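These are my notes on a single chain, kept in the order in which I looked things up.

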Amino acid sequence: MIRFTDGGQQSTGVHSIGVLATGLFDLGAALTDFEFRIAFANHVNAAATFHHLAIRVAIFQGTNAADNFHRIDQIRWVRYSERPRENVSANDMIQSGEPVCFAHLCRGCPSRTPVRIAPHGISVPEYNDTPLGINVKLRNTPHMVRIAYFDCFSGISGDMTLGALIDLGVPVERIESAVRSMRLPELSITAEQVKKCGFRALHVKITHPPEHAHRHLHHITDMIDRADEVSEAAKDLAKRIFHEVAVAEAKVHGSTMEKVHFHEVGAIDSIADIVGTAVALDHLGVQTIHAAPVPTGNGSITIAHGRVAIPAPATAEILTGIPLAPCEITGELTTPTGAAILKSLATSFGGLPAMKIEAVGYGAGTMDLDGQANVLRVLLGEIESDATTMGPIQSDRIAVLETNLDDSTPEQLADCAERLMAAGALDVIQIPCMMKKGRCGVIVSVITPTTRIALMEQILFQHSSAIGIRRHLADRHKLVRTSVNVETTMGPVRGKVVVVPGLGERFTVEDDDARAVATANQTTGQEVRRLARDAWDDQRKK
């Protein structure tokens, strides 16, 4: 227990103790257990200090209250001359979302003057200048994230994925209704229990009238956009999956995403598998997906373009960057649809993570395999994540390419970096290093979307002296950001706004704009940035 007092000062004293209270509140985020008490000389100082805490509460409320309030174990008012009657758990505060009444916390507290905590302020009871205080006890309980683990022991396909998610508890009627809203009123989805090597699983069957349409990407995205029973989050998931298929098909056929025809994946049943999977994941509230290495199978299959080796060309392209599992089974275990689901949604690959399992779903494939069940197992549960890192943070997966060079000229390196950025690299970094023969060299590191790995490697080989490139996938967290324009006395200036967990929005001026506006107005970039920040503050207040 740490104890502080405000010393009875209503000017500097109350401000200092209030700032100290919020600092202690934040400090508790880094400790397992933390408790502090602040004593006040009068109710005015108490109210002012609690206002500081209310601001902190409002900040947390503005990001994600559930991610932060779970650390508040007790907040109570104390009359030091009397013993508190009860403590109040913060769980009640979190669940209701309403201001919490602290009436009767102390002996003699009249019910008509309760203490209230609300997102935007509090009120404090009058105690006729009797010394007051607050106890704040924090506990650093780990934040839990909803996770689905895809155990692809026998590969993955769209119908296996949909079957496993339905087995986890998603109503098949919910999925059918959502897919039908894509202007497919005659489509039906059924799920039946089957046995695979003695193990039960759900097999999904999709029926619809015969059709011979070969769709383009824009046809499918239009169908998704028209679906009024598919949430925006599910639409985004479905579009990301189809985008992965389009990129792969365009590459293997030497076409563009806009012109490539969807054959197998453009069929109604595949569309239903993908959109149904997106709807199911959204229904289950899955926040992150991890997966096991993927077996592809062996042999050959016949597709619209003839007989091809397994994995099929589009499947192999989609699986670029994903770890594969050894497999001696003859037959196609992983389809383009299944590969695209993993490529677009999974954030990591490996063994089963340390998670709390809530349910397990099994989706059956069509084939019967010798010696193992042809099922996809999906484990649904929670995984710990540090609550202090959560909030308005996005995640994605990128590729990092590296090569060590000691015989490229500075001019070559500058030209290569410029070409990489122009081709879509997220960043190009040059790090001085000492090579194995004592020569000064440079590590060129390229951060790129996974869809541009081949292009980035081609540029490195063609425009530098690289003869080898290391590459690995990395999961990335990034703050939510938006581009904005602000009007200043010197003209419009572009900037970006990022949302920092626990602190709110932060505005940064684009350097190119700052320099251009400064040159045009014969002033400094510093002055342009000052004007832009002032304009942003004024714009936000309005």
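**Entry 1: the rule for charged pairs.** I counted a salt bridge where a side-chain nitrogen of Lys or Arg lies within 4 Å of a carboxyl oxygen of Asp or Glu. The model is a predicted one. I looked up a few of them in turn.

**Entry 2: R180 and E176.** I found R180 in a salt bridge with E176, with 3.8 Å between the closest N and O atoms. Because R180 and E176 are four residues apart in helix α5 (residues 172-180), about one helical turn separates them. I then checked accessibility. R180 is partly exposed at 34% relative accessibility, whereas E176 is buried, its relative accessible area being 17%. The cut-off for buried is under 20%.

**Entry 3: R419 and D415.** I went on to helix α11 (residues 410-422), where R419 and D415 are four residues apart and so separated by about one helical turn. Their side chains meet in a salt bridge of 2.9 Å, N to O. R419 has 39% relative accessibility and counts as partly exposed. D415, at 31%, also counts as partly exposed. I also noted a network: D511, D512, R515 and R529 are joined by salt bridges that share partners.

**Entry 4: R200 and D167.** Which parts does this pair tie together? The closest N and O atoms of the salt bridge between R200 and D167 are 2.8 Å apart. R200 belongs to strand β10 (residues 199-207) and D167 to helix α4 (residues 158-167), so the bridge ties together parts 33 residues apart in sequence. I list R200 as partly exposed, with a relative accessible area of 31%.

**Entry 5: α6 against α7.** I turned to helix packing. Two packed helices are described by the angle between their axes and the distance between the axes. For helix α6 (residues 217-226) and helix α7 (residues 232-252) I noted an angle of about 170° and axes 10 Å apart. The two helices are therefore roughly antiparallel to each other, since angles over 145 degrees fall in that class. On the α6 side the contact is made by L217, I220, T221, I224 and D225. On the α7 side K235, A238, K239, F242 and A246 take part. I sorted the residues of this contact into six nonpolar, one polar and three charged.

**Entry 6: α7 against α10.** How is α7 oriented to α10, roughly parallel or roughly perpendicular? The angle between α7 and helix α10 (residues 336-345) is about 115°, with the axes 8 Å apart. That makes α7 roughly perpendicular to α10. The crossing of α7 past α10 is right-handed. From α7, the contact draws on L237, R240, I241, E244 and V245. From α10, it draws on A340, I341, K343, S344 and L345. The residues of the contact of α7 with α10 divide into six nonpolar, one polar and three charged.

**Entry 7: a cis peptide bond.** Most residues other than glycine have a negative phi, and most peptide bonds are trans. The bond from I310 to P311 is cis, its omega being near 0°. I located P311 in the loop between β13 (306-309) and α9 (313-318).

**Entry 8: Q522.** Q522 has a positive phi, near 50°, and is not a glycine. I placed Q522 in the loop between α13 (511-520) and α14 (525-541). Is Q522 buried or exposed? Its relative accessible area is 77%, so I list Q522 as exposed.

**Entry 9: C197.** C197 is another residue other than glycine with a positive phi, here near 55°. C197 sits in the loop between β9 (188-196) and β10. With a relative accessible area of 45%, C197 is partly exposed. Which residues does C197 touch, leaving aside those up to four places away in sequence? I found L369, G371, Q372 and A373. I also checked C197 against D370: the two are 173 residues apart along the chain, and their C-alpha atoms are separated by 8.3 Å.

Conventions: Residues are numbered from 1 along each chain as its sequence is written. This is a predicted model: local features need pLDDT of at least 70, side-chain atom pairs count only at pLDDT 80 or more; totals for chains, interfaces and linings use all residues. Side-chain values use heavy atoms; hydrogens and water are left out. Axes are lines fitted to C-alpha atoms, for helices over the stretch in contact, and angles run from 0 to 180 degrees between N-to-C directions. Angles under 35 degrees count as roughly parallel, over 145 as roughly antiparallel, 65 to 115 as roughly perpendicular and the rest as oblique. Contact means heavy atoms within 4.5 Å. Ala, Val, Leu, Ile, Met, Phe, Trp, Tyr, Cys and Pro count as nonpolar, Asp, Glu, Lys and Arg as charged, and the others, Gly among them, as polar. Buried means under 20% relative accessible area, exposed over 50%, partly exposed in between (1.4 Å probe, protein chains only). A crossing is left-handed if the near helix is turned anticlockwise from the far one by less than a right angle, and right-handed if clockwise.
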